[in-house]
Amino acid sequence: MAAFLTMIGSPDRLQPAAVVQQLYYANVVGVVVSGLVLVACLSTLGYIVWKYEQRRHNLLALHNLRSIVLLVALLIGIGEIGHQWLAVDRLGRVRVDCTGGTKRPELHSTQSEAFTTGQALLDADAVAWKTVTVGFGAAWLGLLVHLGVACLVRAIERRDKCGLLYAVVAAEGAQSIVRWCKFKYINDVTDTGSRAGSIPTGSSILGTPEVFLTLAGALAATTLTTIDGFTLYME
């Protein structure tokens with residue numbers, strides 16, 4: 001069985017299994033928040049489509065700017081899905097290799113993932129598998145949330161119900177907070193590993209896909225929240 005010690009950093013600065021456990025909790029929180037936001041957005045969308053007729057023909061303020069940022073956020077979301085899928089695929093193949101009788105499987109690294117083996121790390125391996133699978137689900141939910149909120153904003157725009165933008169801002173704000181908390185955690189851990197391994201400080205931010213994609217996603221979510229807040233103010 002392979003123990004997936006970390007989803008961040010390089011093979012030269014492996015982190016303890018506790019890091020993976022905390023990252024698992026962060027992914028679970030992301031799944032819960034994204035799921036609640038998605039359900040709320042779809043419910044609100046269905047309500048306003050059923051309740052109100054289309055009345056407005058002009059666009060909301062900052063519509064074009066929001067569309068550009070949304071496209072960037074969707075690209076980041078696709079990148080997160082691809083990154084998490086690589087982690088799931090690599091960890092699955094390592095687990096199969098180790099189960100198949102390999103006495104000493106070599107160290108594996110795919111992008112920012114590092115793997116190792118050891119009888120004492122069986123529990124860490126189970127947590128690692130949950131971490132990557134939950135992270136994969138969280139990436140998909142994050143992408144669906146962007147699409148759901150975009151449809152909701154469009155419905156609000158067509159039916160001239162700008163007061164519902166408060167709900168949109170709240171939903172995007174929740175996504176932004178979760179992403180910034182996750183970024184702070186994994187960036188702090190990576191910086192700790194950098195100091196311990198005598199790796200130049202700051203190289204971790206752009207050196208690992210997990211940290212970079214989380215930072216980019218947090219910036220995109222915050223930008224969308226800000227744009228919709230200004231739109232609400234201007235409308």
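The questions and answers that follow concern a predicted model.

User: How many disulfides does the structure hold?
Analyst: A disulfide requires two cysteine sulfur atoms within 2.5 Å. For C41, the nearest cysteine sulfur belongs to C151 and is 9.7 Å away, so C41 is in no disulfide. Across the structure, the number of disulfides is zero.

User: Is C41 buried or exposed?
Analyst: A residue counts as buried under 20% relative accessible area. The relative accessible area of C41 is 6%, and therefore C41 is buried.

User: Which backbone nitrogen does the side chain of E157 reach?
Analyst: E157 is placed in helix α3, which covers residues 122-159. With a relative accessible area of 2%, E157 is buried. Leaving aside residues up to four places away in sequence, E157 touches R56, N58, L59, L60 and H63. At 2.6 Å, its side chain reaches the backbone nitrogen of L60.

User: Into how many nonpolar, polar and charged residues does the lining of the largest cavity divide?
Analyst: The lining of the largest cavity consists of 19 residues, with E80, A138, A139, R179 and K182 nearest its centre. Two or more lining residues come from each of α1 (17-51), α2 (63-99), α3, α4 (165-196) and α6 (209-234). By class, the lining residues are six nonpolar, nine polar and four charged.

Note on methods: Residues are numbered from 1 along each chain as its sequence is written. This is a predicted model: local features need pLDDT of at least 70, side-chain atom pairs count only at pLDDT 80 or more; totals for chains, interfaces and linings use all residues. Side-chain values use heavy atoms; hydrogens and water are left out. Buried means under 20% relative accessible area, exposed over 50%, partly exposed in between (1.4 Å probe, protein chains only). Helices (H or I, at least four residues) and strands (E, at least two) are DSSP runs, numbered from the N terminus. A polar contact is a pair of N or O atoms within 3.5 Å; within protein, one must be able to donate a hydrogen and the other to accept it, and residues adjacent in sequence count only if both atoms are side-chain atoms. Contact means heavy atoms within 4.5 Å. On a 1 Å grid over the protein atoms alone, a cavity is a set of points where a 1.4 Å probe fits but cannot get out, and a pocket is an open set with protein on both sides within 12 Å along at least five of seven lines; lining residues have an atom within 4 Å of a point. Ala, Val, Leu, Ile, Met, Phe, Trp, Tyr, Cys and Pro count as nonpolar, Asp, Glu, Lys and Arg as charged, and the others, Gly among them, as polar.
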